[in-house]
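The following exercises concern contacts between chains and the surroundings of selected residues. Please examine the sequence and the model before reading each solution.

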Amino acid sequence: MFTLIAELSRWAIPMILLIVPVVAVLRGVKVYETFVDGAEAGFTTAIKTIPYLVAMLVAISIFRASGAMEVLVTNLSPLLNLVGLPAEVLPHAIMRPLSGGAALGIASDIIKTYGPDSFLGRLASTMQGSCDTTFYVLTLYFGSVGIKRYRYSIISGLVADLTTLAASVFIVRAVF
Amino acid sequence: MTQLRHAHRFHILYYLSTPLHRVAVDNLIAGVVAVVNYVWLGMIVFGIIVAAVNGNIEVVTMAALEGANNAVKISISLIAIITFWLGIMKLAEEAGLVRALAWLVRPIMRFLFPSVPKDHPAMGAMVMNLSANILGLGNAATPMGLIAMRELQTLNQGRDTASDAMCTFLALNTSCITLIPTTIIGIRLLYGSTDPTDIVGPTIMATAFSMAVAILVDRMLRLYYAGRRW
C-alpha cells in the first residue's frame, strides 16, 4: 500500500508530461504554440500571490522570531498530541479553509523552518495540497446565485476539511 | 458578498423574521470569515507582546522585513512552476482530455445527482468543474462552477434556499481529489527538497479519502434534512 503511494508520486508527473502532449499531437493540436499560449498567464498568476504572502509571512515571522510560537507550541502540545496533530501546524490547519493565500504563507514558513523533507515539512505540504478554501468557495458559489440559506453545506464542508486533515496526518506518518 | 451578508445579518427585521437556529448558522459563517482577520492580528500583537516581555523587541523589525523578503522570493520562484504547469494544462484542455474525463465520470454523476436530469446543462458544467479541479486547473474550475450553480438555480426555481444538488456539488467541490498540487511542489523545490514530488501520492490518497467521506456525509445529511423547508 505505502510503496504504491511512493511509486504513484514518482510516476504521476512524468506520465502526465508524456500522455498530455502525445494525445494533443494525435488530436491535431499545435503543441508548442498551445503550450506557450497557456503558459503566458503564469507570470501574473504568480505575482498576484505577493500581497497575500507578504501579509501572512510578516505576521508569522514576527510570531516565530519573538518566541510566541514556542509559547503556543509548549502550551498546546499536550492537548493536540491526544489527536496526533503536531502543534506547529495548528496555525495552518486553522487558516486552510479560510484563505488559500494565507495558508500558503504559513505552509512555506513551516517548510523553510523545518526543511521540506522533515515530517512537519511533508505534513504541511500535504495539508496545503489536499484541503480547499471551503468558506471562500461556499460564499462565492452560493453568493453568485443569491442563495441565502446554506442548509447543511457548512457541516459537510467542515467534516470534509477535518477528514482531510486527519487523513494527511495519518498518511504522512505511515508513508515516510 | 461578505459585506452584503453582514449588512443583512445586523438588520433588525432579519432577527425578527428568521428562525433562531438559522441565525446561529449565519453568525457562525460570518464569525469564521472574521477569523482570518483575528488570527492575522493576533499573531502580530501576541508576537510583539512576547518579544517585549522577553526583552528582545528589536527582533520584531528584523522579522517583519525578513518575512516580507521571503514572501517576494517565494512568489518569484513560483513563476517558473506555474508558467510551466499552465502550459501543460492548456495542452490537456485543447487535446480534449478534460472532456474525456467528463465523459468517463457520467455514470457516477447520475448516482450523485438524482434530482438533476441527465441531459441538463447543469450536469455538463458540474462535470467540467470537477474535472478541472482534479487536474488542478483552478482558473478554469471557478467559471465552470459558477455556470453550474446558475443552472442548478434554474432547477431550484430561483429560491434562496440551497437545493440538495447544490449541497452535494459544493461538498464534492471542496473535497475534490487533487492529482498534482503544483504550488506546494514549487515551494518544496525552492527550499531544496531532495524529492519535491514525494507528497503527490499522499495528497491523492488524502483527497480521495476525504471525497469519499464528503459523499457519505452529504448523503446522510440529505436524508436527515429531507422534507424540511430548508
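A search of the whole structure finds 10 salt bridges over all chains, a salt bridge being a side-chain nitrogen of Lys or Arg within 4 Å of a carboxyl oxygen of Asp or Glu. The model is predicted: local features need pLDDT of at least 70, side-chain atom pairs count only at pLDDT 80 or more, and totals for chains, interfaces and linings use all residues. Residues are numbered from 1 along each chain as its sequence is written, chains are lettered from A and ligands numbered from 1 in the order in which they are written, and side-chain values use heavy atoms, with hydrogens and water left out.

**Exercise 1. Describe the area buried between chain B and chain A, and the residues of chain B that touch chain A.**

Step 1. In contact (heavy atoms within 4.5 Å) are 110 residues of chain B and 95 residues of chain A.

Step 2. The buried area, which is the accessible area (1.4 Å probe) that two parts lose on being put together, summed over both, is about 9000 Å², and carbon and sulfur atoms give 77% of it. On the chain B side, B:M43, B:L91 and B:T174 lose the most area to chain A, together 8% of what that side buries.

Step 3. Between the two chains there are 20 residue pairs in polar contact, both residues at pLDDT 80 or more. A polar contact is a pair of N or O atoms within 3.5 Å; within protein, one must be able to donate a hydrogen and the other to accept it, and residues adjacent in sequence count only if both atoms are side-chain atoms.

Step 4. Elements giving two or more residues to this side of chain B include α3 (20-53), α4 (58-94) and α11 (200-225); helices here are DSSP runs (H or I, at least four residues), numbered from the N terminus. The most comes from α4(B), with 26 residues.

Step 5. The chain B side divides into 63 nonpolar, 31 polar and 16 charged residues. Ala, Val, Leu, Ile, Met, Phe, Trp, Tyr, Cys and Pro count as nonpolar, Asp, Glu, Lys and Arg as charged, and the others, Gly among them, as polar.

**Exercise 2. How many salt bridges are there between chain B and chain A?**

Step 1. The count is 6.

Step 2. One of them joins A:D37 and B:K90, with the closest N and O atoms 3.9 Å apart. This pair runs from helix α2 (residues 31-39) of chain A to helix α4 of chain B. A:D37 counts as partly exposed because its relative accessibility is 42%; buried means under 20% relative accessible area, exposed over 50%, and partly exposed in between (1.4 Å probe, protein chains only).

Step 3. B:D164 pairs with A:R151 at 3.0 Å between the closest N and O atoms. A:R151 lies in the loop between α9 (134-144) and α10 (153-175) of chain A, and is buried because its relative accessibility is 9%. Its phi is positive, near 50 degrees, in a residue other than glycine.

**Exercise 3. Where is B:Q153 placed, and what surrounds this residue?**

Step 1. B:Q153 is in helix α8 of chain B. At 10% relative accessibility, B:Q153 is therefore buried.

Step 2. A polar atom of its side chain lies 2.7 Å from the backbone oxygen of B:R159.

Step 3. Apart from neighbours within four places in sequence, B:Q153 is in contact with A:V145, A:I147, B:G158, B:R159 and B:M166.
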